[in-house]
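Open the model in your viewer and keep the selection panel at hand. This tour goes stop by stop: what to select next, and what is there.

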Amino acid sequence: MSACITGWAHSRFGKSEAVDAEALIAEVAGPAIADAGLEPADIDTVIVGAFNNGFGRQDFLGALVALAVPELRHVPAVRVENACATGSAAIHAGLRALESGTARHVLVVGVEKMTATPTSEVGEILLGASYHKQEAGVQGGFAGVFAGIARAYFQKYGDKSDSLARIAAKNHQNGAKNPCAHMRKALDYEFCRQVSDKNPLVADPLRRSDCSLISDGAAALVMTGTETALRTANKAVHFRAAEQVNDYLPLSLRSATVFEGAARAWSAARTAAGVTNEDFSFVETHDCFTIAELIEYEAMGLAEPGEGARVIDEGISARDGRLPVNPSGGLKSKGHPIGATGVSQHVMAAMQLCGDAGEMQLDAPQLAGVFNMGGAAVANYVSILERLR
């Protein structure tokens, strides 16, 4: 790849006082440009990632960035969408602009305002990213979809509820160190494994602690061609690889317990970057539900099918383990404002690689993997990042 992340900004995730997506965009667009040491006039292309499938009346979100940064009034801007992988889709669109030579500096913004929508409606809106002809009637929205995946996995490999509780506890402990996280509270393993009034079943066998949070938030980054970045940027986090692999949308056409598209994306990215799993310092992965993180261990090749629980049970993915997974707290603790998530994951990885992660900071990380997926492992994006400057 011939692109680097050279600046970023990140709002606090959670229930925001920002009245709408436009206000959230304003929190991050200008600051990301400034963080890259650029002026708005240096930006050649603007890409906005937003799901917004009913979360707000205002559509056409690509046009809102110029309201936050008026100097961008005449800069080409576009909005992209790819379910929960919308943020990574926006980044890929930016990469294509840089690789084509039509841009030197690209601003990417991911945003979603979710909490103003009644919770009873959120599940229905998110099911727009499922195959409606077969899955629209699933109780519990996407929690119900992933509960079905968990039940299929448990039936095949045994009940892994305790391992899911360990994943939840790990991510909440990590998220407690993240000032941008929606829930900065370290929930312990015993709390996460017990069904209780404060941790009820949402969709059997998934408890509330197994499910990511309905959040507002925005994240932005500036991407610059590598040659330009090495000449002018104060910091440069290089894309060693960026791959996308899709799979069938209907779950009925594939195994619910195998994320084949994710596995193919990881394999393609490692090959493109010339690395193995042993080379990674940490991974930010898409833990929309704890069962997703467990199966993603297997898709990444950290464990054989059915043995993903070993990765968490043996502490491999812990903050002090051989391969920390979600040192930011992941979607589970940080929150999951749909359009912002993929951009947020890349910002969190870049912060780690540049030593700017504050309390979250790992010890001298060199190589990061990022996995973001849309739907139930339908649109699968993997980035491999390293710091050049």
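Predicted model: local features only at pLDDT ≥ 70, side-chain atom pairs only at ≥ 80, totals over all residues.

Select Phe-142, Phe-146 and Phe-289: ring pairs link them into a cluster.

**Stop 1: the aromatic cluster**

A pair of aromatic rings is described by the distance of the centres and the angle of the planes. The model holds five aromatic pairs. Take Phe-142 with Phe-146: the ring centres are 6.2 Å apart and the planes stand at 35°, so this pair is tilted. Phe-142 and Phe-146 sit four residues apart in helix 6 (residues 141-157), which means about one helical turn separates them. Buried or exposed, Phe-142 and Phe-146? Both are buried.

Now move to Phe-146 with Phe-289. The centres of these rings lie 4.9 Å apart, with planes at 25°, so the pair is stacked. Which parts does this pair tie together? Phe-146 belongs to helix 6, while Phe-289 is in the loop between strand 9 (282-284) and helix 11 (290-300), so the pair ties together parts 143 residues apart in sequence.

Check the accessibility of each partner. Phe-146 has 1% relative accessibility, so it counts as buried. Phe-289 is at 7%, so it counts as buried too.

**Stop 2: a lysine over a tryptophan**

Select Trp-8 and Lys-235. Lys-235 lies over the face of Trp-8, 3.7 Å from the ring centre.

**Stop 3: helix 7**

Select residues 161-175, which form helix 7. From first C-alpha to last, its 15 residues reach 21 Å, close to the 21 Å expected at 1.5 Å a residue. How many of its residues are buried? The count is 12 of 15, so helix 7 is mostly covered. Among the buried ones are Leu-164, Ile-167, Lys-170 and His-172.

Next, show what covers them. The cover includes helix 6, helix 8 (189-193), strand 6 (206-207), helix 11, helix 12 (309-313) and helix 13 (330-334).

**Stop 4: helix 3**

Select residues 86-100 for helix 3. At 1.5 Å a residue, its 15 residues should span 21 Å; the end C-alpha atoms are 21 Å apart, which agrees. Helix 3 is mostly covered, with 11 of its 15 residues buried. Colour the buried set, including Thr-86, Ile-91, His-92, Leu-95 and Leu-98.

What follows helix 3? Gly-101 does, with a positive phi near 85°.

Technical notes
Residues numbered from 1 in each chain as written. Heavy atoms only, no water. Phe/Tyr/Trp six-rings, centres within 6.5 Å; stacked < 30°, edge-to-face > 60°. Helix = DSSP H or I, 4+ residues; strand = E, 2+ residues; numbered from the N terminus. Buried < 20%, exposed > 50% of the residue type's maximum accessible area, 1.4 Å probe, protein only. Lys NZ or Arg CZ within 6 Å of the ring centre and 35° of its normal. Expected span 1.5 Å × (residues − 1). Contact = heavy atoms within 4.5 Å.
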